Amino acid sequence: MSERIHSGAGGTDRARTVLLFVLVAVLILGTGFVQSWNTALVILNMGLVSAIMSLGVNMQWGFAGLFNVGVMGFVALGGLAAVLVGMPPVPEAWAAGGPRIIGALLLSAGVIALAVTLYKRMTPGRLRAFLVFAVVVVGFFVYRGLLDPAKEAVESVDPAATGYLGGLGLPIVLAWPVGGLLAAGAAWVIGKVALGLRSDYLAIATLGIAEIVIAILKNEDWLSRGVKNVIGLPRPVPYEVDLQQDPAFVERAASLGMDPATASSITVKLGYSAFFTVVLVIILIAAQLALNSPWGRMMRAIRDNETAAEAMGKDVTGRHLQIFILGSALLGLAGAMMTTLDGQLTPASYQPLRFTFLIWVMVIVGGSGNNFGAVLGGFLVWWLWVQVEPIGQGVMSLVTAGMAEDSAVRDHLMDSVAHMRLLTMGVVMLLMLRFAPRGLLPER
Amino acid sequence: MSGPAYDDRGNKDRTITKAGQVGQLRAADNRDARPVHSRDAFLIGDGMTGGYGRGADILHDCTIAVEKGQIAVIVGPNGAGKSTAMKAVFGMLSIHTGSVRLGGEDITRLAPQARVRKGMGFVPQNANIFTSMTVEENLEMGAFIRTDDYSDTMAQVYDLFPILKEKRRQPAGELSGGQRQQVAVGRALMTEPTVLMLDEPTAGVSPIVMDELFDRIIEVARTGISILMVEQNARQALAIADQGYVLVQGRNAYTGTGEELLADPEVRRSFLGG
Amino acid sequence: MDFLNALVALSNFVIVPAVAYGSQLALGALGVTLIYGILRFSNFAHGDTMAFGTMGVILATWWLQGLGVSLGPLPTALLALPAGIAICAALVLATDRVVYRFYRAQRVKPVILVIVSMGVMFVYNGLTRFVIGPGDQSFGDGSRFVISALDFRAMTGLQEGLAIRTSQAITLVTAIVVVAILFWFLNRTRTGKSMRAYSDNEDLALLSGINPERVVLVTWLIVAALATVAGTLYGLDKSFKPFTYFQLLLPIFASAIVGGLGSPVGAIAGGFIIAFSEVTITYAWKKVLGHLLPESLEPDGLVQLLAVDYKFAVSFVILVVVLLIRPTGLFRGKAV
């Protein structure tokens, strides 16, 4: 397998790749030895998720030059999928207004379809503009008329505990592909609009849609409980409490010289690591195979010379749409995995700096256009993101060692450590762009 | 060149980057050019050999010269290096052998901007006006390096091209092709150059407009300004030329006065269509 | 039916706030559009540039307040503006020198500059939080209202009140002054014209002897001033919180794009279009309709088209519609 994946790589390239991944391993293991194994595994698990996100953005930017600054939105859609698939349904809420909400959603889809059809079929002119506008406006009010009462009914069903429709109650692992599909669907709509115009308007479109997705998650309580958060998502791995009550497990932990609490928490995290590693490896292999397939070569041909590719009859917009959807699907998948790992959906926690621009830092640091680079960047940058705070704390303690205990400057500096993260990420990104613009693992 | 390190990956997202080319103007690197001095002229690109950047040579021992107040025309088949030769004279093409001298002074190592200050006016073939600015603002920008009062020069340009005076408040981008060329020439004249270099000034204009433009160019030359011009319409251009250069594959193929070249059967057969 | 009361309510809740917000967006969009026109890229760090400049103003305001300086009814922040602009200008010029200039010399494709501006965004964001913290800071002082709702009612005897806050009045006046100066500068001065020339045709500008580094320098200075003024006005009108400024990026970009990137007039028009749409669509129309409609037709609900959180959706939908109809924005072809 590795032979095929590395086909075409020079010996130094491979040595460099191996060396850098060993560095990642050393950093994570080091965290385990110096801090705690729990911390190390937390970093590893989010690192795995970050690597998938980074692969998604790398696909879009690295292989097609598509500028997606709405990563957060696709990740959040994945999170929503985790809720919609994994949580048990709330029968009272469904009885209160479920079908009506579904009806309203179907109606809105119908209205949009009608408007689009009118726009496409009719000849441009005032009549068309008026009709499309009328359909959208009337449709909106009918939709609100249908949705609002049902929404209110659903949201008033035991709001402290549910107040939403719940999900399908299926195994949470199923949410991962569903998250990918949800994100792919959104990407299809965005791509159709933003890539289908005379010029490309993807950046602003993704920036906007990400904010809208978050606004929906925050406001549509019937769907996602809004800012009340959905907690207690089911898990693909056992619960710590159950493990601690299992005599066989306690015995095995004792034989390894660990107390049951630590052992259970590490076991659970290792379980996630195993799941995530399998997903990452599958995606990485698929991405490498795709990259070296005729399809991948065509993508690169388009990227390197769009005019020539177009002249040769390649459907550039179509290919771009394809890869945009694929990359976004990865983001949705990773988002669902992340929400599963967290065990909860908290819409307010989605911040562009963390979920959009940090992923970009990963891609830039790792190496745009190189799948292994993207994975490496995901791990390295995530490790740094987590560790900047303790490191900063240590540095600040040294800096302020000479100051008086009650010095205001000292207090301010110690408080500011929390903000070192953003600064560090910015500096890392700028240094990389300046001195190693092709990333740690450059595209061949 | 933005090397592969800073690849844009074919991105053409209009919401994040401005459409259109980043500036193409590159100053030539002529630091190590081996000087050549074959003869004297007011402006001479003497024995120029070189190419773009570190690329292959495009010009081979090519000499282009123009005397004070005269019109020199460079003609030749497509890809003969006509525009390239002119760009070399203007310092946009690196030459490793050869010299460029203006009024006896060696300007081989000067950047194009510095050559403008020395009295060279250059009208590129494409994108030679500020389309979003008015005609008058175009002329003002032409005079940007001047610190003295340039209203006389502007009046002279308006005398030369009366239509521009009429349209001076209109954005130059709204003018017709011929009028835009007049703006382009007018802009270059605003520095009061001693040499005016025109890269295919009649490209894409109708024959009538072309004749009119040539008339104006003759008028400019009469005021003592030397003209160096690359032309696609070889016959008409040679008819007004004091000196003509026929280039083939970056080399001087035939050189002579306009009349001589027009009369030369070899030149007629090969380049003027009989 | 009570037309006057409806009009007053409409002014109070929609027109006045939207004019103030529109002015703030317009100033922000002008900065974005200038950088786009001259440096050829969309600056993702613009929201954080605004935050940084405003922080400078806030620090200077606190210092002035500490000295006991006051402008009476006007906020002290106005007096602190030059200091904030200077601090912001120092930052952006230092950034240009250390970061952007290298890429200009390399003549990189503009999209690289966009990515670079992401890094700058992180740094600015971190710097602002480092100095002033992530929390809310209020720095407005002076009198709160030009007209309060109570006074207005007493004056006119109408049932509805019209309140105009000092910050709103100042926003409009300052924006008009700043825009007037900017347009005078771009259209009447030699340096301003050279900026437009450079934006229009880089090569020809070089051939005309325009020094690109000087154009870039002046551009950054203007952008620093615009960003600081926009940020300060926004902060006085609402409140200062670094994260909010980062979030302004979307409506600001939307304004600039709707108006036509690179066009200053477009940026202003775009700012007002986005602001008015956001406010009208997220405003609960119950009150206004209650005055206009006969009692039998009075609405029961709030008649709010979309929740306030969806204001981004409004910017976005307008943007998509404009791009579909007129891909170059409303004012095309007018480079900076």
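A: A crossing is left-handed if the near helix is turned anticlockwise from the far one by less than a right angle, and right-handed if clockwise. The model is predicted. Start with chain C. The crossing of α2(C) and α4(C) is left-handed. Helix α2 of chain C covers residues 46–67, and helix α4 of chain C covers residues 110–132. Their axes lie 9 Å apart, at an angle of about 25 degrees. Angles under 35 degrees count as roughly parallel, so α2(C) is roughly parallel to α4(C). From α2(C), the contact uses C:D48, C:T49, C:A51, C:F52, C:M55 and C:I58. From α4(C) come C:M121, C:Y124, C:N125, C:L127, C:T128, C:V131 and C:I132. By class, this contact of α2(C) with α4(C) has 9 nonpolar, 3 polar and 1 charged residues.

Now chain A. Helix α16 (residues 352–366) of chain A packs on helix α17 (residues 371–399) of chain A. The angle is about 125 degrees, and the axes are 7 Å apart. α16(A) and α17(A) are therefore oblique to each other. Their crossing, α16(A) with α17(A), is right-handed. On the α16(A) side, the contact is made by A:L358, A:V361, A:M362, A:V363, A:V365 and A:G366. On the α17(A) side, the residues include A:G373, A:A374, A:G377, A:G378, A:L380 and A:W385. By class, the contact of α16(A) with α17(A) has 11 nonpolar and 4 polar residues, and no charged ones.

Key. Residues numbered from 1 in each chain as written. Chains lettered and ligands numbered in written order. Predicted model: local features only at pLDDT ≥ 70, side-chain atom pairs only at ≥ 80, totals over all residues. Axes fitted to C-alpha atoms, helices over the stretch in contact; angles between N-to-C directions. Helix = DSSP H or I, 4+ residues; strand = E, 2+ residues; numbered from the N terminus. Parallel < 35°, antiparallel > 145°, perpendicular 65-115°, else oblique. Contact = placed C-beta atoms within 7 Å. Nonpolar A, V, L, I, M, F, W, Y, C, P; charged D, E, K, R; others polar.
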